[in-house]
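Please walk through this structure with me, from the whole chain down to single elements.

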Amino acid sequence: MESIYYVMTFLCHRQCPHCYEDRFHPYYGEDLERVVAESRSNFPGIIENFPDRMTYLDMEDGLREKQGRVILAGGEILLDPVRETVLYPALERLFAKYRDCGGVHLVVQTTGDVLTEEILRELLILHVHVVSVSGIDAYHAGLEKESAREAMQQKLTSLFLDQGMQPLPAAPNRAAWGDEQNRYFSFFGATPDTWIGKIWPRGRAQVNGLSTANLADNFCNGWSGGLNFLQYRYSGSEVSVEPNGNVYPCCMKTQLAIGNLLEERLETILDRMLGNPVYEAISMGHPERMGISQGWSVEKFLEKSKMTLPDGRVYQNLCIGCDAFHREVLMGQKTPLVSISSSLQLSLRTDRQPLHLKATQAGKD
């Protein structure tokens, strides 16, 4: 597989208004202990069920086998409660798992404002290939002004350069990923000129009415969307994993997880989806077609893609239709489209918080 986006913790030091995930926020007391304990106890089993080889065949380069990457993120994965007890041992485990079977590129994603010279040196010792700073936008407290964002980026750039790192070339950057000699850094944020600039209609961003995407903005049909997630042997495939092991075809997350890495191997989960019209539609970047086999025409899906935001504005995007189909059709099926073990907990997501649907029987594709 080319990429696994592994959210290791919901712990964050921020509670940004544009965040796609309500569970990313500060935790205290018993809640903090619970969140950290979940990450710490689950990551060994989750990594164990990652693919035996983290490589893929590049269809743009004659099917040459290349190293894939695992992106370790939060929340903020560099915060003290999880950095040394979760992130560092996970990096060691991943490097050891793939060292003699094709290798892997390790990426750490951070908001950037908690990164220090000492932490950066530790990351590089632990074989981190890329440090990706994701918080360069006006939605992050203290960075509302362009001058503040520029100052933070300049400060971090000096830090990276002092450690011999180089800027990650702009996409497509598979050539840089194949470079074993250099270490890289990158910056991005929810700015109008970026791929995420229109804001995913999820979590606090949806509640606050911040998404400017419309029906023509197909988040599914691109990177970090569901596009090509089922073609995991080839370039362009990525899945998202939560701290509890739940697997999703996109970073925005469908309302229902497709499986759990504490119970099954990733390849087993994905192979079960092959031929399933719902998830084939997602993998082809055409979510509007996911319900055709279930009696949802494209026209009905587009109508279901409309909602009224808390501020009274009518909003329409394909992600809303995907949510509606999962809630109204998939969760209500006695024999679910997703074949799962009887003990698997699937996460059913609402706009505000997760609920849980306990599967009572195994279904068939």
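The paragraphs below start with the whole chain and then take up a strand, a helix pair and a helix.

This is a predicted model. The chain has 365 residues, and 56% of them count as buried. Its secondary structure comprises ten helices and 15 strands. Now take the contacts in the chain with a separation of 6 or more: residues 24 or more positions apart account for 66% of them.

Start with strand β4, residues 69-73. How many of its residues are buried? Five of its five are, and the strand is mostly covered. In a regular strand the side chains alternate between the two faces of the sheet. β4 can be read that way: R69, I71 and A73 point one way, while V70 and L72 point the other way. Both sets are buried.

β4 has pairing partners to look at next. With β1 it pairs in the parallel sense, over five bridges. One of the links joins V7 to A73 of β4. With strand β5, residues 105-110, β4 also pairs in the parallel sense, here over four bridges. There, R69 has H105 of β5 as its bridge partner. A helix belongs to this part of the chain too: β4, α2 and β5 make a right-handed β-α-β unit.

That brings in α2, and with it α1. Two packed helices are described by the angle between their axes and the distance between the axes. Helix α1 covers residues 29-48 and helix α2 residues 80-98. They pack at an angle of about 0°, and their axes are 10 Å apart. An angle under 35 degrees counts as roughly parallel, so α1 is roughly parallel to α2. On the α1 side, the contact is made by L32, V36, S39, R40, F43, P44, I47 and E48. The α2 side supplies P81, V82, T85, V86, P89, A90, R93, L94 and K97. By class, this contact has eleven nonpolar, two polar and four charged residues.

Finally, go to helix α7, residues 266-273. Just after α7, G275 takes a positive phi of about 85°.

How values were computed. Residues are numbered from 1 along each chain as its sequence is written. This is a predicted model: local features need pLDDT of at least 70, side-chain atom pairs count only at pLDDT 80 or more; totals for chains, interfaces and linings use all residues. Side-chain values use heavy atoms; hydrogens and water are left out. Buried means under 20% relative accessible area, exposed over 50%, partly exposed in between (1.4 Å probe, protein chains only). Helices (H or I, at least four residues) and strands (E, at least two) are DSSP runs, numbered from the N terminus. Axes are lines fitted to C-alpha atoms, for helices over the stretch in contact, and angles run from 0 to 180 degrees between N-to-C directions. Angles under 35 degrees count as roughly parallel, over 145 as roughly antiparallel, 65 to 115 as roughly perpendicular and the rest as oblique. Contact means heavy atoms within 4.5 Å. Ala, Val, Leu, Ile, Met, Phe, Trp, Tyr, Cys and Pro count as nonpolar, Asp, Glu, Lys and Arg as charged, and the others, Gly among them, as polar. Two strands pair if DSSP finds at least two bridges between them. A crossover is right-handed if, with the strands pointing away from the viewer, the path from the first strand over the helix to the second runs clockwise.
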